[in-house]
Amino acid sequence: MDRNAMPLTFPELSELSSTRKLRRQVIHQGLLLMKRILTIQDISCVGKCSLTVALPVISAAQIETCVLPTAVLSTHTEFKGFTFCDLTNEIDPITKHWIQEKIAFDAIYTGYLGSFEQLALVEKLIDDFKTDDNLVFIDPVMGDLGRLYVGFDQAFADRMALFCSRADVLVPNLTEASFMLHTPYIESGYDEKYIDETLEKLLDLGPKVAVLTGISFEKGQLGVVGVDSRTGQKISYFRDELEGRYHGTGDIFASSALAALVRERTLNDAFAIAANFVADSIQATLDNPQARLYGVDFETALPSFARQFA
């Protein structure tokens with residue numbers, strides 16, 4: 001896919017095609033219809049990750065949030081003995097119904113996709129709903145700390161790399177990048193040149209914007225680094241690193257970054273908003289003894305996040 005042939009500029013999502021502009025001009029009780037994001041990933045009935053996070057976070061930015069659950073779990077996978085119901089067979093019928101109803105989305109956001117079949121089905125969905133005016137945001141959730149999650153292997157990472165060619169914005173961590181690019185994973189001690197080279201290789205997969213999460217060039221600082229292939233603009237934001245690792249923080253980051261982009265924040269501002277929201281959520285969690293199991297208390301930080309879009 002030729003990323004240079006894709007004309008969307010993210011802060012200008014309001015410059016819509018004639019059909020979508022007409023939809024946005026429909027006035028209900030004096031207000032224009034709000035923007036709409038589709039998020040595709042699993043949902044845990046208990047535990048803060050995936051759709052359980054994406055739905056409230058995106059909604060807090062005053063964006064209509066549509067969901068396509070790929071599976072239902074009783075709890076997230078940090079709990080023992082969780083139940084799992086695969087919804088792969090529902091993806092195509094749901095997609096066909098949306099096409100029949102002429103439903104449109106301002107952005108499509110994919111998170112955890114658990115099989116080759118799901119990747120193929122969601123690729124078709126993206127092809128069906130992608131326009132010159134909307135945004136495809138892919139978080140290639142596969143692993144962390146140098147290891148793939150249970151059930152994934154190098155063949156899946158290779159297939160994910162092909163899937164990521166459909167992204168406008170791609171947000172892997174270093175583990176996911178290293179497996180997709182077939183490069184050694186370096187946990188720490190890397191320099192800016194290494195990160196820049198990794199970003200360039202990610203852009204070669206096809207996205208217009210690539211952003212690496214969980215980057216640290218100096219002890220005690222953690223953040224994101226990215227690049228916009230269309231302009232060469234660098235994206236960089238760092239904060240003091242907080243103690244501990246928590247389930248679901250990547251989902252909070254991706255959801256809030258996309259929400260900010262759809263609300264027409266710049267790339268730098270959107271990823272700064274997301275990094276700050278994650279840090280504020282972790283800070284609110286440090287005194288909660290159950291947090292390491294359930295996930296971060298993002299709800300405490302949600303009002304201040306939402307006020308940025310009031």
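User: Where is Y294 placed?

Analyst: Y294 sits in helix α10, residues 291-294. Helices here are DSSP runs of H or I with at least four residues, strands are runs of E with at least two, and both are numbered from the N terminus. This is a predicted model, so local features need pLDDT of at least 70 and side-chain atom pairs count only at pLDDT 80 or more, while totals for chains, interfaces and linings use all residues. Residues are numbered from 1 along each chain as its sequence is written, and side-chain values use heavy atoms, with hydrogens and water left out.

User: Why is Y294 called partly exposed?

Analyst: Buried means under 20% relative accessible area, exposed means over 50%, and partly exposed is in between (1.4 Å probe, protein chains only). Y294 has 32%, so partly exposed is the label.

User: And what makes A104 buried?

Analyst: The relative accessible area of A104 is 18%, and the cut-off for buried is under 20%, so A104 gets that label. A104 is in the loop between α3 (88-100) and β6 (107-110).

User: Why is the pair D297 and K48 called a salt bridge?

Analyst: The rule asks for a side-chain nitrogen of Lys or Arg within 4 Å of a carboxyl oxygen of Asp or Glu. The closest N and O atoms of D297 and K48 are 3.0 Å apart, so the pair passes. It links distant parts of the chain, 249 residues apart: D297 is in the loop between α10 and α11 (298-307), and K48 is in the loop between β3 (36-44) and α2 (50-60). D297 and K48 are both buried.

User: How do you know that K208 and D168 form a salt bridge?

Analyst: Their closest N and O atoms are 3.6 Å apart, which is within the 4 Å limit, so K208 and D168 count. K208 lies in the loop between α7 (192-203) and β11 (209-215) and D168 in the loop between α5 and β10, so the pair ties together parts that are 40 residues apart in sequence. K208 has a relative accessible area of 0%, and D168 also has 0%, so both are buried.

User: How many salt bridges does the rule give?

Analyst: The count comes to 14. Salt bridges that share partners join E123, D127, R159 and R166 into one network.
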